[in-house]
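This report examines one protein chain, part by part. Please keep the sequence and the structure in view while reading.

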Amino acid sequence: KVRYHKWEVKYQYKSPDCYQKLVITINGRSPGPTINAQQGDTVIVEIRNSLLLEDVAIHWHGIRQHGTPWADGTEGVTQCPIIPGDTFTYKFVVDKPGTFLYHAHYGMQRGAGLYGLIKVSLPAGESEPFSYDYDRSIILADWYHKSTYEQMTGLNSIPFVWVGEPQSILIQGRGKFNCSTPGTEADLCNATNPECSPFSLTVVPGKTYRLRIGSLTGLSALSFEIEGHNMTVVEADGHNVEPFVVQNLFIYSGETYSVLIKADQDPSRNYWASAHIVSRNSNTTNGLGIINYYPNHPKRNPPTSPLVGPRWNDTAPRIAQSQAIKALKGYIHTPPQTTDRVIVMLNTQNKIDDHVRWSVNNVSFGLPDTPYLIALKQNFLHAFEQTPPPEGYDAANYDIYSVAKNVNATTSNSIYRLKFNSTVDVILQNANTMNVNNSETHPWHLHGHDFWVLGYGIGKFNISTDPKKYNLVNPIMKNTVPVHPYGWTALRFRADNPGVWLFHCHIEAHFFQGMGVVFEEGVEKVGRLPTSIMGCGETKRFFKP
Ligand SMILES: O=C1O[C@H]([C@@H](O)CO)C(O)=C1O
């Protein structure tokens with residue numbers, strides 16, 4: 001079946017957290033419409049850019065784009081951006097059931113509210129390996145009052161202006177900023193605006209709900225919980241999980257989970273749902289929603305005080321949850337037992353000419369003017385640097401627990417070229433930032449593939465002993481994975497999808513500051529590129545009369 005959508009993307013005044021700001025909407029909404037499809041369907045989305053002055057591109061997060069690498073929606077990698085007034089059509093097949101996302105992939109535009117969810121169901125007659133009565137979904141996000149343009153300008157300035165902690169956490173596009181915060185224009189902040197009344201999920205007592213949860217925060221790692229209810233984790237990034245029960249779910253930007261919740265508590269009242277920032281010392285108030293037990297009023301506040309959430313700097317339970325996520329028996333994709341190539345990626349915060357940047361192996365990434373996919377297919381080899389990026393760092397002489405002796409890095413737009421169909425391991429190695437005693441959490445997202453998560457560890461990865469501890473039996477496959485503070489995360493994937501694929505930190509500011517790499521594989525197998533992706537960089541001249 002073909003699922004056709006026609007979207008208009010534009011700025012509108014909205015008050016997602018009671019404070020009026022410009023929000024990028026799709027057909028008037030943020031989050032945008034959910035794409036509902038069945039495995040094997042073709043999704044067609046015709047997008048009109050009505051942003052007046054800004055380009056746009058939309059990435060289909062978790063969709064592998066087999067055979068359609070030009071539809072990945074990554075500006076600078078797989079396409080030229082869609083300019084104001086233009087219409088662009090994405091067409092791709094959803095080949096896997098599960099919960100996926102879509103969002104802007106141009107500058108830091110995602111943070112302006114341009115995102116939504118993709119729900120892919122099983123073919124008719126097939127059923128999930130878990131049961132539930134109703135299927136619901138929410139997107140978690142953080143929200144800033146500074147425009148993405150101001151944020152990007154600050155990050156690019158000398159002295160550096162950090163984006164800071166968000167003003168609110170949004171549950172399904174709704175948050176609550178305290179309008180009496182000093183400096184708040186009273187006429188722009190209205191605590192009773194219906195746009196910022198909390199998200200309410202109505203449940204029928206006794207029924208079981210599959211709640212699909214996606215995070216598209218710009219910065220924050222979150223702990224999500226529902227007062228008085230356990231959650232059974234059954235899906236992660238479109239893969240069935242060996243079920244495990246949590247009281248609070250840690251979720252990083254770019255991840256999706258399905259949890260089962262049974263409405264088995266006292267039905268005479270409502271309950272809080274809460275999203276709390278972890279991993280950063282933030283004083284942003286928790287995002288709050290209401291679990292409404294029918295037939296209570298959906299907006300009636302629970303009689304209890306909202307949940308506080310876990311301590312922000314307690315990493316042990318977060319690592320424990322990461323390690324608990326295993327593929328469900330009967331749904332295990334056994335990984336290749338050996339690898340052809342290991343790339344170690346040291347994650348550091350650096351300085352380049354007094355700009356604060358993030359890098360991999362001391363190389364900070366920048367996008368070229370001509371998207372790689374086009375440059376490679378047209379043989380514009382001067383369009384980006386040809387010296388390959390480093391395969392690792394000088395581990396023997398690098399102390400990951402201290403600020404680097406030399407914080408300077410270089411910048412490059414060169415890419416990793418992978419042998420088609422080879423097996424590639426990536427070791428994400430975390431380290432200290434430029435601040436003493438500080439290491440952050442980075443959620444890494446790979447386009448075009450799911451990878452096996454082979455293991456997590458604390459400290460410096462040991463190439464001779466740690467691989468012996470890999471889970472090669474039932475590792476989960478994911479498209480986004482955290483690397484914890486001072487820790488490492490080991491991934492394996494097959495370079496079997498012809499195209500050019502971004503792999504990057506899903507924190508908006510960090511990717512903007514260079515925290516990413518690009519992989520190419522089998523680009524010679526990619527068919528004729530649609531001319532609609534062209535028009536920028538070297539391809540401008542194609543369109544000259
Ligand atoms: O890139 C970043 O900069 C700040 C801080 O390190 C400097 O103010 C921060 O927390 C980041 O993640």
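## Helix α3 and Ala375

A375 is in contact with P368, T370, F380, A383, F384 and E538, once its neighbours within four places in sequence are left aside. The model examined here is predicted, and in it A375 has its place in helix α3, which covers residues 372-377. Is A375 buried or exposed? Because 22 other C-beta atoms lie within 10 Å and 20 or more are required, A375 counts as buried.

A375 and D340 are 35 residues apart in sequence, and their C-alpha atoms are 27 Å apart in space.

The domain assignment of the protein gives domain 1, residues 2-324, and domain 2, residues 341-532. Taken over C-alpha atoms, the centres of domain 1 and domain 2 are separated by 25 Å. How many residues of each domain take part in the contact? On the side of domain 1 there are 41 residues, and they are in contact with 41 residues of domain 2.

Strand β15 holds V241. This residue, V241, is buried, because 23 other C-beta atoms lie within 10 Å. Apart from neighbours within four places in sequence, V241 is in contact with V233, V234, E235, A236, I325, K326, L328 and I476. V241 and K329 are 88 residues apart in sequence, yet 8.4 Å apart in space from C-alpha to C-alpha.

In soluble globular proteins, nonpolar side chains tend to be buried together. The largest nonpolar core in this model has 142 residues, and among them L140 and V518 touch the most other members. Strand β18, residues 271-278, supplies the largest share of this core, with 6 residues. Both domains take part: the core draws at least three residues from each of domain 1 (2-324) and domain 2 (341-532).

Which residues are in contact with V518, leaving aside its neighbours within four places in sequence? They are V77, Y372, I415, Y416, V500, W501 and L502. A second, separate core has 5 residues, including C18, Y19, F177 and C196.

## Annotated regions

An unreviewed UniProt entry carries the annotation "domain: Plastocyanin-like", which covers residues 9-121, 137-295 and 396-522. Two of these spans may be described in turn. For residues 9-121, the end C-alpha atoms lie 26 Å apart, and the span is 0% helix and 43% strand. For residues 396-522, the end C-alpha atoms lie 34 Å apart, and the span is 4% helix and 42% strand.

The bond from S30 to P31 is cis, with omega near -5°, and P31 has its place in the loop between β2 (21-26) and β3 (35-38). The bond from I158 to P159 is also cis, with omega near -5°. P159 has its place in the loop between α1 and β10 (168-171).

Q65 has phi near 60°, a positive value in a residue other than glycine. The loop between β5 (58-61) and β6 (87-93) contains Q65. N437 has phi near 55°, again a positive value in a residue other than glycine, and N437 is found in the loop between β25 (423-429) and β26 (442-446).

Why does Q65 count as buried? Q65 counts as buried because 24 C-beta neighbours lie inside 10 Å. N437, by contrast, has 9 C-beta neighbours inside 10 Å and therefore counts as exposed.

Technical notes:
Residues numbered from 1 in each chain as written. Predicted model: local features only at pLDDT ≥ 70, side-chain atom pairs only at ≥ 80, totals over all residues. Core = buried A, V, L, I, M, F, W, Y, C linked by C-beta atoms within 7 Å. Buried ≥ 20, exposed ≤ 12 C-beta atoms within 10 Å, placed from the backbone. Helix = DSSP H or I, 4+ residues; strand = E, 2+ residues; numbered from the N terminus. Domains from an automatic or database assignment. Contact = placed C-beta atoms within 7 Å. UniProt positions renumbered as here; feature names shortened; annotations may be inferred.
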